[in-house]
Amino acid sequence: MSNQEFETHNVKIDKLDKKGSGMGHVWRDTGGSNPKKLKLNVPQTLIGEEAKVTVPNPDRKLARVLPDEIITQHPERVAPPCPHFEKCGGCVWQHWTYEGQLAYKTGEVKSFLEAEGFDSGVVADALGMETPWEYRNKMEFTFGRDGALGLHELGNFRNVIDLDTCLIAGDEMVEAMLEVSEWAREHELSGYDKDRHEGLLRNLMTRQSQKTGELMLAIFSTGTPEENQAAVDDLVSRLTSKFGNLKSLMWMENRDWADMAQSEKTHVLHGRDYINDEMYGYKYRIWFDTFFQTNPLQAEKLVDLAIEMAEVTEEESMIDLFCGVGTFSLPFAARVKALAGIEIVETSIESAKRNAEDNGLDNTYFLAKDARRGMDEILETWGRPDLLMLDPPRSGAGGKVMRRIGRLGTDRVVYVSCNPESFADDITWLREYGYELERVQPVDLFPHTVHVELVALLRKMDSTL
Ligand SMILES: C[S@@+](CC[C@H](N)C(=O)[O-])C[C@H]1O[C@@H](n2cnc3c(N)ncnc32)[C@H](O)[C@@H]1O
């Protein structure tokens, strides 16, 4: 069974880890008096399955290996439709029925709440997509040192998978990616090598509005367009002739060591530096670095639910905490007397102000401040608002912000979350201020991945007595 460097085991998967990989363990007979426990992390498996795995250097506590074979299959296992599934780190659950994924996500939300002592009976089944494909309006592809263009390999961030399709990205964005890939190859342009900080092309960002069709392509490079003029001219000509929706084509200079799609100097090669998008009937301008919901169809469901749970009236005032560019602020502003949006990133606040103006809303007040300081300022100038909604980053709002919300004491708090664990932790702080969790609706914005979003309503019970 074993040799010096490799061992083959059959492992039973008993749970999934935070990244969606199967977890199990085996007891290894190493010839001593006690067998040794080896934990196994096996991507692309499901709970209850038995998988055959080959483990290199097995004398350790934990190993991560892909299965050689699935011996006992889960009834919800399906053939993954994407040809890149086995290697690509993009979608980890394509081998699982969509219904199975949704039920698991609902269960995750319930168990995080139960762990904090909440009644999980208030959690509804996760709302999925009718067609859980081609849902993303933004993709960031990476150029590999070998000239590949695609996404990072599962478990090996240094390798880039040369994609010829991507089933969760919009069709035209994939076509554009393939065209750019061909262009780079034809001109023999080098891909960036992170370790040596060498090579020309780093990333390709694609953004496309599902409402207006407007397409943005941004190439991040260590060089200038002038240094590569012939190739750049060819790029503009082939992309503009092929993609009538292309409204923004940019060349971004990025020589930073940090592995991020950022720009030191932006060159607009065609069109403008932003695209027009729409969500929930409101217009938005999107720059390359604007945070905007990446699954707009499902994000509209989040907005719908938040509005439904909030039950606001035209006489009420509210705070939209962590408001970003105003995805929730704009639809809410049209339904209340006044809305204050608080957000730490100044450029997002500038966008939020412009978005409100572009949509003819004049009852908004946007503040570029840290959440807690922003709430203090609003309280001083406005007094207590009637409603507070928050949509914090994955890490959650944290105890200090949640206690400030508790002291603010609005009748209702609507919490939009992209992480059920930090959500459950955050809302425990509201208990001592008399809030009860009334409703939780999970929504699937990222099919075939582990992520789940939710909208929840908390009501202050002692104020309604
Ligand atoms: C999940 S996003 C939500 C954005 C917005 N609600 C939307 O749907 O477009 C979280 C936002 O919180 C902002 N943020 C992060 N930390 C913050 C803080 N300490 N105070 C205020 N805003 C913060 C981020 O910049 C980001 O825009």
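1. Let's start with His448, which sits in the loop connecting strand 22 (435–443) and strand 23 (453–460). Its phi is near 70 degrees, a positive value for a residue that is not glycine. His448 counts as buried because 25 other C-beta atoms lie within 10 Å, and the cut-off for that label is 20 or more. Do keep in mind that this is a predicted model.

2. Asn57 is worth a look as well: its phi, near 40 degrees, is positive too, again in a residue other than glycine. For background, most residues other than glycine have a negative phi. Asn57 belongs to the loop between strand 5 (50–56) and strand 6 (62–64). Is Asn57 buried or exposed? With 10 C-beta neighbours inside 10 Å, Asn57 is classed as exposed.

3. Seven strands make an open, mixed sheet, ordered 19-18-17-20-21-23-22. Strand 19 (364–368) and strand 22 are its edges, each pairing on one side only. From one strand to the next, the twist averages 15 degrees.

4. Within this sheet, strand 17 (residues 317–321) and strand 18 (residues 338–343) run parallel and are joined by five bridges. Asp320 has Gly341 of strand 18 as its bridge partner. Helix 7 (residues 371–382) packs on the sheet, where it touches strands 17, 18 and 19; its direction makes about 155 degrees with that of strand 18. Helix 9 (residues 420–431) also packs on the sheet, touching strand 21 (412–417), strand 22 and strand 23, at about 165 degrees to the direction of strand 21.

5. Finally, the ligand: 19 residues surround it, the closest being Phe322, Gly324, Thr327, Ile344 and Asp391. The shell comprises twelve nonpolar, four polar and three charged residues.

Methods. Residues are numbered from 1 along each chain as its sequence is written. This is a predicted model: local features need pLDDT of at least 70, side-chain atom pairs count only at pLDDT 80 or more; totals for chains, interfaces and linings use all residues. A residue is near a molecule or strand if its C-beta atom, placed from the backbone, lies within 6 Å of it. Ala, Val, Leu, Ile, Met, Phe, Trp, Tyr, Cys and Pro count as nonpolar, Asp, Glu, Lys and Arg as charged, and the others, Gly among them, as polar. Helices (H or I, at least four residues) and strands (E, at least two) are DSSP runs, numbered from the N terminus. A residue is buried if 20 or more other C-beta atoms lie within 10 Å of its own, exposed if 12 or fewer, and partly exposed in between; C-beta atoms are placed from the backbone. Two strands pair if DSSP finds at least two bridges between them. Axes are lines fitted to C-alpha atoms, for helices over the stretch in contact, and angles run from 0 to 180 degrees between N-to-C directions. Two residues are in contact if their C-beta atoms, placed from the backbone, lie within 7 Å.
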